[in-house]
Amino acid sequence: MFRNVARVTGVVTLVAALGLSLSAVSPAVAGPEQCPEGHFCLWEHAGYKGRFFSSPHDVPNVGPDMNDKSTSHWNRMDKRVCVYDHSRYRGLLGSYGSNSFGHMDFTHDIITSFRRVNAEGRC
Ligand SMILES: [Ca+2]
């Protein structure tokens with residue numbers, strides 16, 4: 001776990017040192033560097049590979065390209081994010097804390113929508 005944090009921090013530091021915007025990184029290059037600050041990010045496969053989806057907002061439906069296909073995540077939002085099996089936040093699966101990342105064991109290939117916790121910190 002600590003090694004992953006160090007690796008991600010290193011990538012972010014490198015990108016920042018090069019003066020690049022994280023959102024400007026080519027989507028063709030799969031990896032955690034695809035995830036912009038403030039976004040909730042999903043990848044199709046383990047290890048931040050395959051199709052990529054991210055948003056800085058609540059998403060009522062991730063769309064046909066990503067529906068039930070997410071395996072890796074990185075929550076770069078400042079709040080815990082709740083994930084749901086169905087569109088429009090139906091079928092709560094669980095939640096991921098701010099700055100959590102990695103393989104999604106309990107929501108692998110099932111997420112259809114996600115949103116930040118409410119003001120009370122609840123899904
Ligand atoms: Ca689903």
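Which residues of β3 are buried on one side and which on the other? S72 and W74 are buried on one side of β3, and H73 and N75 are buried on the other, so that both faces are covered. The legends below take this strand and its surroundings in turn.

**Figure 1. Overview of the predicted chain.** This is a predicted model, in which local features need pLDDT of at least 70, side-chain atom pairs count only at pLDDT 80 or more, and totals for chains, interfaces and linings use all residues. Residues are numbered from 1 along each chain as its sequence is written. The chain has 1 helix and 7 strands, which follow the pattern α-β-β-β-β-β-β-β along the sequence. Helices (H or I, at least four residues) and strands (E, at least two) are DSSP runs, numbered from the N terminus. The mean pLDDT, the predictor's confidence in each residue from 0 to 100, is 84 for the chain. A value of 70 or more is reached by 76% of the residues. Over residues 1-27, pLDDT stays under 50, and the model has 17 contacts beyond four places in sequence for this stretch. Two residues are in contact if their C-beta atoms, placed from the backbone, lie within 7 Å. Among contacts with a separation of 6 or more, 57% are between residues 24 or more positions apart. Of the 123 residues in the chain, 28% are buried. A residue is buried if 20 or more other C-beta atoms lie within 10 Å of its own, exposed if 12 or fewer, and partly exposed in between, with C-beta atoms placed from the backbone.

**Figure 2. The open sheet around β3.** The sheet has 4 strands in the order β2-β1-β3-β6, with antiparallel pairing. β2 and β6 (101-103) stand at the edges with a single partner strand each, so one side of each has no neighbour in the sheet. From one strand to the next, the twist averages 15°; axes are lines fitted to C-alpha atoms, for helices over the stretch in contact, and angles run from 0 to 180 degrees between N-to-C directions. Two strands pair if DSSP finds at least two bridges between them. β1 and β3 are joined by 4 bridges, and β3 (residues 72-75) is joined to β6 by 3 bridges. S72 takes part on both sides: W43 stands opposite S72, and S72 stands opposite H103 in β6. In a regular strand, side chains alternate between the two faces of the sheet.

**Figure 3. The β4-β5 hairpin.** β4 and β5 pair in the antiparallel sense over 5 bridges and form a hairpin with 3 residues between them. V83 has G94 in β5 as its bridge partner. In the loop between β4 and β5 lies R88, a residue other than glycine with a positive phi near 55°. R88 counts as exposed because it has 11 C-beta neighbours inside 10 Å. G91 is found in β5 (residues 90-96) and counts as partly exposed, with 14 C-beta neighbours inside 10 Å. Leaving aside neighbours within four places in sequence, G91 is in contact with Y84, D85 and H86. The C-alpha atoms of G91 and I111 are separated by 9.6 Å, and the two residues are 20 residues apart along the chain.

**Figure 4. The largest nonpolar core.** A nonpolar core is a set of buried Ala, Val, Leu, Ile, Met, Phe, Trp, Tyr and Cys residues joined through C-beta atoms within 7 Å. The largest one holds 20 residues, of which V81, V83 and F114 touch the most other members. At least two residues of this core come from each of β1 (40-45), β2 (49-55) and β4 (81-86). Not counting residues up to four places away in sequence, V83 touches L93, G94, S95, Y96, T107, I111 and F114.

Figure 5. D58 is placed in the loop between β2 and β3. With 14 C-beta neighbours inside 10 Å, D58 counts as partly exposed. Beyond its neighbours within four places in sequence, D58 is in contact with R115 and R116. N99 lies in the loop between β5 and β6 and has a positive phi of about 70°, although it is not a glycine. N99 has 12 C-beta neighbours inside 10 Å and therefore counts as exposed.
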